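Hi,

Here is the structure I said I would pass on. Have a look at it first, then read my notes below.

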Amino acid sequence: MGVPVGLALGASPWSDSLAKVTVEFLRPVPAVALVPVAVVSFGLDTGMQVFLVGFACLWPILIGTRHGVRAIDPLMIDSARMLGLPRRAVITRVAVPATLPAIATGVRLAASLGVIVAVATEIVTGSPGLGQYLTQAQQAGDNAAAYASVLMSGLLGLAVNTLFVAAEARIAGWQQQSTEGRR
């Protein structure tokens, strides 16, 4: 959802100004603060966790995509229009490829945030997973298991980040190579 909404908001100043209050209101709401609402709406099911992780992950992707579209050189858009490309083709052939580095960065940040929210949700709700194991170890006074689960969550976050850094390099590696001289 973050990519198409971010593309729409970035491409249209009118839609961006229309949605600005809603985005700026919802973006800073911590996903974990929505646990009571999610439990009432979805129960203690996996759907609740998916909703909370999705809510948390939406914002880095949406904001990154929006800013990526805004950072496109207007000359690229004008050139595509001068070549006679329809609006849809300008978006798919110019805007999306030019925005890929920002989208990839947003997805990478969202993936790490997703791990945090998933573990935090398991801690708060007692849902099965690493967070529940951590809570049970803490309540049992098993410090070694509690530290091990904290270490495991850190390693999981590192693995997810490493995976998405590699994916970002494959998807948008050309951006890093083209900007190396500007640093």
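Predicted model: local features only at pLDDT ≥ 70, side-chain atom pairs only at ≥ 80, totals over all residues.

H7 itself covers residues 130-140, and Gly131, Leu134 and Ala137 are buried in it. Seen down the helix axis, the buried residues of H7 fall within an arc of 125°, so they line one face of the helix. The general idea is handy here: an α-helix has 3.6 residues a turn, so residues three or four places apart point the same way. Gln139 and Ala140 are on the other side of H7, and they are exposed.

Next, the inside. Which residues have the most contacts within the largest nonpolar core? They are Val23, Ala31, Leu52, Phe55, Trp59, Leu62 and Val117, in a core of 15 residues. Two elements give two or more residues to this core: helix H3 (35-42) and helix H4 (46-70). H4 gives the most, with eight residues. If you click on valine 117, you'll find that it touches Ala31, Leu52, Val53 and Ala56, leaving aside residues up to four places away in sequence. There is also a second, separate core of eight residues, and Leu7, Val69, Ala80 and Ala95 are among them.

Now some aromatic rings. The count comes to three aromatic pairs. In one of these, the ring centres of phenylalanine 42 and phenylalanine 51 are 5.2 Å apart with their planes at 35°, so the pair is tilted. Phe42, Phe51, Phe55 and Trp59 form one aromatic cluster, and you have already met Phe55 and Trp59 in the largest nonpolar core.

Helix H2 (residues 13-26) is where you'll find serine 15. Is serine 15 buried or exposed? With a relative accessible area of 16%, serine 15 is buried. Its side chain reaches two backbone oxygens: that of alanine 8 at 3.1 Å and that of serine 12 at 3.0 Å. Leaving aside residues up to four places away in sequence, serine 15 touches Ala8 and Leu9.

Last topic: charges. How many salt bridges does a search of the whole structure find? The search finds four. In one of them, aspartate 16 pairs with arginine 70, and the closest N and O atoms are 2.4 Å apart. Aspartate 16 lies in helix H2 and arginine 70 in helix H4, so this pair ties together parts that are 54 residues apart in sequence. Aspartate 16 is buried at 8% relative accessibility, whereas arginine 70 is partly exposed at 41%.

Glutamate 24 also forms a salt bridge, with arginine 27, and there the closest N and O atoms are 2.8 Å apart. Glutamate 24 is partly exposed at 32% relative accessibility, and so is arginine 27, at 37%.

Another salt bridge joins the side chains of glutamate 168 and arginine 108, at 2.7 Å from N to O. This pair links distant parts of the chain, with glutamate 168 in helix H8 (residues 143-179) and arginine 108 in helix H6 (residues 87-125), 60 residues apart. Glutamate 168 counts as buried, at 17% relative accessibility. Finally, salt bridges that share partners join Asp16, Arg66 and Arg70 into one network.

Cheers

How values were computed
Residues numbered from 1 in each chain as written. Heavy atoms only, no water. Buried < 20%, exposed > 50% of the residue type's maximum accessible area, 1.4 Å probe, protein only. Helix = DSSP H or I, 4+ residues; strand = E, 2+ residues; numbered from the N terminus. Arc of directions from axis to C-beta. Core = buried A, V, L, I, M, F, W, Y, C linked by side-chain atoms within 4.5 Å. Contact = heavy atoms within 4.5 Å. Phe/Tyr/Trp six-rings, centres within 6.5 Å; stacked < 30°, edge-to-face > 60°. Polar contact = N/O pair within 3.5 Å; in protein donor to acceptor, adjacent residues only side chain to side chain.
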